[in-house]
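Student: Here is a model I would like to go through with you, one feature at a time.

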Amino acid sequence: MFPYLFKIGFFELRVYSLMYIIALLLCIYMVRRKSELLGVKKESVENAVIVTFLMAIVGARMYYVAFRWDYYSGSFFEMIAVWHGGLAIHGGIILGIVTILVYCRVKKMNP
């Protein structure tokens, strides 16, 4: 499998990144439709999706770094360099769930 679809200068669109973009857009579309049926503000639901998505990426990276601490302990820059690879789905799911629960509690929404 090719690691990236195309490359323009320093920018390269990786297949993995494209899957994240498609998943985010599809999620926003589905949540907007569902929010209309439930009578919830679209903006609140869209913000919840975006915040949860970003925090899930952070959680996935944190989980990955935690289990490879011997490699990452020496360099903070490498810890945050997501573009070098290394995300763990378990961390994304955990922090994503926590984020949506906190967001819904703060906004007084039913998760």
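**Questions on the model**

Tutor: Cys27 is found in helix α1, where helices (H or I, at least four residues) and strands (E, at least two) are DSSP runs numbered from the N terminus. This is a predicted model, in which local features need pLDDT of at least 70 and side-chain atom pairs count only at pLDDT 80 or more, while totals for chains, interfaces and linings use all residues. Residues are numbered from 1 along each chain as its sequence is written, and side-chain values use heavy atoms, with hydrogens and water left out.

Student: Is Cys27 buried, partly exposed or exposed?

Tutor: Buried means under 20% relative accessible area, exposed over 50%, and partly exposed in between (1.4 Å probe, protein chains only). The relative accessible area of Cys27 is 32%, so Cys27 is partly exposed.

Student: What separates the C-alpha atoms of Cys27 and Gly96?

Tutor: Cys27 and Gly96 are 69 residues apart along the chain. The separation of their C-alpha atoms is 14 Å.

Student: How far apart are the end C-alpha atoms of α1, and what should the helix span?

Tutor: The expected span of a helix is 1.5 Å times one less than its number of residues. For the 24 residues of α1 this gives 34 Å, and the end C-alpha atoms agree, being apart by 34 Å.

Student: Which elements are included in what covers the buried residues of α1?

Tutor: The buried residues of α1 are Val15, Leu24, Ile28 and Ser35. Contact means heavy atoms within 4.5 Å. What covers these buried residues includes β1, β2 and α2.

Student: Which residue of β2 is the bridge partner of Phe6?

Tutor: Two strands pair if DSSP finds at least two bridges between them. Strands β1 (residues 4-8) and β2 (residues 11-14) run antiparallel and are joined by four bridges. Their hairpin has two residues between the strands, and Gly9 takes a positive phi near 65 degrees there. The bridge partner of Phe6 in β2 is Leu13.

Student: Which element gives the most to the lining of the largest pocket?

Tutor: On a 1 Å grid over the protein atoms alone, a pocket is an open set of points with protein on both sides within 12 Å along at least five of seven lines, and lining residues have an atom within 4 Å of a point. The largest pocket holds about 720 Å³ of space, and of its 30 lining residues the closest to its centre are Cys27, Ala48, Val49, Thr52 and Ile100. Two or more lining residues come from each of α1, α2 and α5. The element that gives the most, with nine residues, is α1.

Student: Which residues lie nearest the centre of the second largest pocket?

Tutor: About 530 Å³ of space lies in this second largest pocket. α1 supplies the largest share of its lining, six residues. Of the 21 residues in the lining, those nearest the centre are Arg14, Tyr16, Ser17, Tyr20 and Val82.

Student: What is the phi of Lys108?

Tutor: Most residues other than glycine have a negative phi. Lys108 lies in the segment after α5 and is exposed, with a relative accessible area of 75%. Although Lys108 is not a glycine, its phi is positive, about 55 degrees.

Notes: 1 Å grid on protein atoms, 1.4 Å probe; cavity = no way out; pocket = protein on both sides within 12 Å on 5 of 7 lines; lining within 4 Å. Points joined across faces, edges and corners; volume = space filled by probe spheres on them.
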